[in-house]
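Please take a moment to look over the sequence and the model before reading on. The paragraphs that follow lead from a group of rings to the packing of helices and then to the chain as a whole.

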Amino acid sequence: MDEAIMSVDRTTSERRLSTLVRHLGGVSCSSCSPTHSSSSENARISRAPMAAFGSVFASVVQAPEDPILGVTVAYNKDPSPAKVNLGVGAYRTEEGKPLVLNVVRKAEQSLINDPSRFKEYLPITGLGEFNKLSAKLIFGADSLAIQENRVATVQCLSGTGSLRVGGEFLAKHYHERSIYIPVPTWGNHPKVFMMAGLKPMTYRYYNPSTRGLDVQGLVEDLSAAPEGSIVLLHACAHNPTGCDPTPEQWEQIRQLIRSRSLLPFFDSAYQGFASGSLDKDAFAVRLFVADGGELLMAQSYAKNMGLYGERVGALSIVCKSADVAGKVESQLKLVIRPMYSNPPLHGASIVATILRSPELYHEWTVELKAMADRIITMRQGLFDALHARGTPGDWSHIIKQIGMFTFTGLNKEQVAFMTREYHIYMTSDGRISMAGLNKKNLPQLADAIHAAVTTM
């Protein structure tokens with residue numbers, strides 16, 4: 001009986017298959033007999049649509065390379081042994097190698113050795129301990145916002161994911177869609193917010209003539225922004241300029257933003273990596289939190305723990321009350337669930353292991369300061385080298401700027417010249433990663449800049 005039913009089902013399926021083949025490929029009925037083998041039918045099905053119509057993606061055009069990641073693509077294609085990559089936003093040792101912090105290796109080994117560890121899904125909001133420790137790290141252990149449970153924190157896919165989740169939340173639940181972004185800024189910022197459903201606008205930030213902060217332009221543009229607009233702020237080590245406001249200027253910016261009821265959205269990718277001090281690099285964020293107002297905060301552990309490939313980050317939204325924070329968290333879950341369901345476990349576990357242990361935390365701060373100090377040393381070295389060569393211009397901005405990047409002030413033609421003649425790779429806006437410099441390639445860069453400035 002079962003065999004008879006199966007035979008009927010098989011015959012019915014074959015007839016339907018034959019009908020589909022005739023419809024798609026114009027195959028005659030005689031050749032569509034159910035007696036044909038299933039492999040023959042499958043071959044006809046796979047070939048027919050393609051032969052008749054070509055690729056359904058034929059109209060897709062070749063996309064341009066990402067302006068930042070494309071630098072590495074070009075660098076990898078260059079066969080020159082003298083090539084130098086100063087485009088990548090990742091720390092390199094004096095030997096030019098990627099660095100895994102010793103404290104990260106220790107934390108990771110302790111996780112591996114723990115037999116109680118599991119590989120189950122995390123909750124939508126991520127690893128709870130990681131979220132609490134991340135909020136404490138950026139807002140401070142004595143933060144009233146944390147003590148009053150006014151902070152909703154969710155684990156996200158590094159800084160980019162945190163920005164995207166925050167952007168989509170605002171697009172759904174905030175009355176204003178305009179987000180004001182500094183000029184210049186990280187190239188991915190406008191793309192992330194546009195895809196999230198917000199409308200990127202700009203405000204002046206950098207003054208090319210002084211190669212420093214354009215305070216007047218910033219104040220004028222934000223004063224003219226519609227009330228309630230969102231404002232993106234780099235917490236420290238502004239990318240790509242390396243120009244940060246002074247504490248007094250931050251207070252001026254805070255007063256302006258609060259008086260205009262603007263909503264600050266901080267991006268913190270370099271806490272501790274800029275100055276070597278976790279507290280100093282969190283100054284601006286804590287200044288805004290202390291006034292009791294609301295804000296969004298995107299965190300990344302790519303730079304300060306070297307967890308680039310683990311994609312570890314957090315989004316925190318500081319609210320007016322614990323009740324509001326609870327509702328905000330519930331809506332963040334609805335943003336995350338259809339986006340990536342829940343975040344990965346491993347990287348967040350590494351961060352939590354380090355932040356919860358006084359010994360590991362201290363070791364991390366020592367290694368973090370060592371990275372920051374090496375970059376500061378490279379800044380001074382490049383400035384001294386250009387001065388020694390008598391390179392025209394005032395290059396003091398190199399040692400005044402802070403963090404991973406220096407905005408050299410070189411134009412596109414000079415950058416192209418340096419790549420062509422000296423095999424030095426950087427973004428076309430003249431941004432260089434100080435973390436890619438070392439004692440060996442620093443003289444080569446200085447020679448290239450000198451030649452570019454004096455001949456172009």
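Which residues do ring pairs link into a cluster together with Tyr91? In this model, which is predicted, the cluster joined by ring pairs consists of Tyr91, Tyr270, Phe273 and Phe405. A pair of aromatic rings is described by the distance of the centres and the angle of the planes. Across the structure, the count of such pairs comes to 12. One of them is formed by Tyr270 and Phe273, whose rings are tilted, with 6.3 Å from centre to centre and 45° between the planes. Both members of this pair, Tyr270 and Phe273, are buried. Tyr270 also forms an aromatic pair with Phe405, and this one is edge-to-face, with the centres 6.4 Å apart and 90° between the planes.

The crossing of H10 and H11 is right-handed. On the side of H10 the contact is made by Pro247, Trp250, Glu251, Ile253, Arg254, Ile257 and Arg258, and on the side of H11 by Phe283, Ala284, Leu287 and Phe288. Sorted by class, the contact of H10 with H11 has 8 nonpolar and 3 charged residues, with no polar ones.

Another helix pair can be read in the same way. Helix H7 (residues 158–173) and helix H12 (residues 322–340) pack at an angle of about 120°, and their axes are 10 Å apart. The crossing of H7 and H12 is right-handed. H7 brings Arg164, Val165, Glu168, Phe169, Lys172 and His173 to this contact, and H12 brings Val328, Gln331, Leu332, Val335, Ile336, Met339 and Tyr340. By class, the contact of H7 with H12 has 8 nonpolar, 2 polar and 3 charged residues.

Val215 is in helix H9 (residues 215–224), and, leaving aside residues up to four places away in sequence, Val215 touches Gln249 and Gln252. From Val215 to Pro245 there are 30 residues in sequence, and their C-alpha atoms are 8.2 Å apart in space. Asn131, which lies in helix H5 (residues 128–139), counts as buried because its relative accessible area is 6%. Not counting residues up to four places away in sequence, Asn131 touches Thr125, Gly126, Thr153, Val154 and Gln155.

These details can finally be set within the whole protein. Its secondary structure comes to 17 helices and 13 strands, and buried residues make up 48% of the 456 residues. Among the contacts between residues at least 6 apart in sequence, 76% join residues at least 24 apart.

Terms used:
Residues numbered from 1 in each chain as written. Predicted model: local features only at pLDDT ≥ 70, side-chain atom pairs only at ≥ 80, totals over all residues. Heavy atoms only, no water. Left-handed = near helix turned anticlockwise from the far one by under 90°. Helix = DSSP H or I, 4+ residues; strand = E, 2+ residues; numbered from the N terminus. Contact = heavy atoms within 4.5 Å. Nonpolar A, V, L, I, M, F, W, Y, C, P; charged D, E, K, R; others polar. Phe/Tyr/Trp six-rings, centres within 6.5 Å; stacked < 30°, edge-to-face > 60°. Buried < 20%, exposed > 50% of the residue type's maximum accessible area, 1.4 Å probe, protein only. Axes fitted to C-alpha atoms, helices over the stretch in contact; angles between N-to-C directions.
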